[in-house]
Amino acid sequence: MSEENEEAAEGTDGPPQGGQTRTGTQSIERVVNMLRVVASRGRNGMRIGEVAATSGLPQSTCFRMLARLELEGLVDRDARTRKYYLGPLLHELGLLARPRYRLSEMCDAALHRLAETTQDTLYLSERSGLEAVCTNRALGDYPIKALPLDIGIRRPLGVGAGGLAMLCAMPAAEAESIIQANGHRYEKYASFSADFLREVVAQGRQQGYSFLDSVVTPGTAAIGVAFPPDNPVAAISVAAISGRLTAERREDIAREVQRQVRLICADMTAHALLPPEAGGS
């Protein structure tokens, strides 16, 4: 199939006909996945080779898609570094989005309270399909900090204590389906595998919080607590240098995070019961 015919097929909605291999709906899914790939590096950007390797698509296909997305303002390409970034149109559209409640804002006070108590680094991670997105953070005053995770970074669920905590809180069948779907992506992280993840998920279920030590980042440990307990959509995690998260201190911190999470869940329930237009403009 020529490039022209392939692009025409990708723009057609409805069932495939003749040599047509993809529907319009599938094309939308592929475009959205491309945006997720570019977003996975946060504000660091990605070169075309990295985009192709991460997406699993041929480099020529990635180039055509990114060129079109750049014309539409959905991605931006730096002429000097040849890296792709999320584009200005996404920011403009995001300004108009009106979520029922903004979880990052709702959790901000709790994150700063925990950062003040622990003196370590706090993160809020929210679930997005098979991934966890860092949407807020607070830095404690301890002079030696864990390597900060930028807001907006996306990682497969299970990579990081926040995403792992969400897997731990899910029904076993759902967690297993996510681990299987992300299996090939875990291989890109040192010391990670699907079998290892199953093991730490089982441990997290038993102890009531997730824990990772020197798995994603050497010398860094973290614990995580997911919420709400019946349908985890987010998690709060505490990251520190490994020596600060001893077994006894982990239990103390986990209890404090769980206490803050209960307050957040109560706040979420209260907001969910408000009429859509209540609570301000």
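Twelve helices and eight strands make up the secondary structure of this chain, counting DSSP runs of H or I with at least four residues as helices and of E with at least two as strands, numbered from the N terminus. This is a predicted model, in which local features need pLDDT of at least 70, side-chain atom pairs count only at pLDDT 80 or more, and totals for chains, interfaces and linings use all residues. Residues are numbered from 1 along each chain as its sequence is written, and side-chain values use heavy atoms, leaving out hydrogens and water.

**The chain overall**

- Of its 281 residues, 41% count as buried (under 20% relative accessible area, with a 1.4 Å probe and protein chains only).
- Among contacts (heavy atoms within 4.5 Å) with a separation of 6 or more, 53% join residues 24 or more positions apart.

**Helix α8, an enclosed helix**

- Helix α8 covers residues 161-169, and it is largely enclosed by the rest of the structure because eight of its nine residues are buried.
- The buried residues are Ala-161, Gly-162, Gly-163, Leu-164, Ala-165, Met-166, Leu-167 and Cys-168.

**Where α2 meets α3**

- The axes of α2 (residues 24-39) and α3 (residues 48-55) come within 10 Å and cross at roughly 120°; axes are lines fitted to C-alpha atoms over the stretch in contact, with angles from 0 to 180 degrees between N-to-C directions.
- On the α2 side, Asn-33, Met-34 and Val-37 make the contact, and on the α3 side Val-51, Thr-54 and Ser-55 do.

Conventions. Buried < 20%, exposed > 50% of the residue type's maximum accessible area, 1.4 Å probe, protein only.
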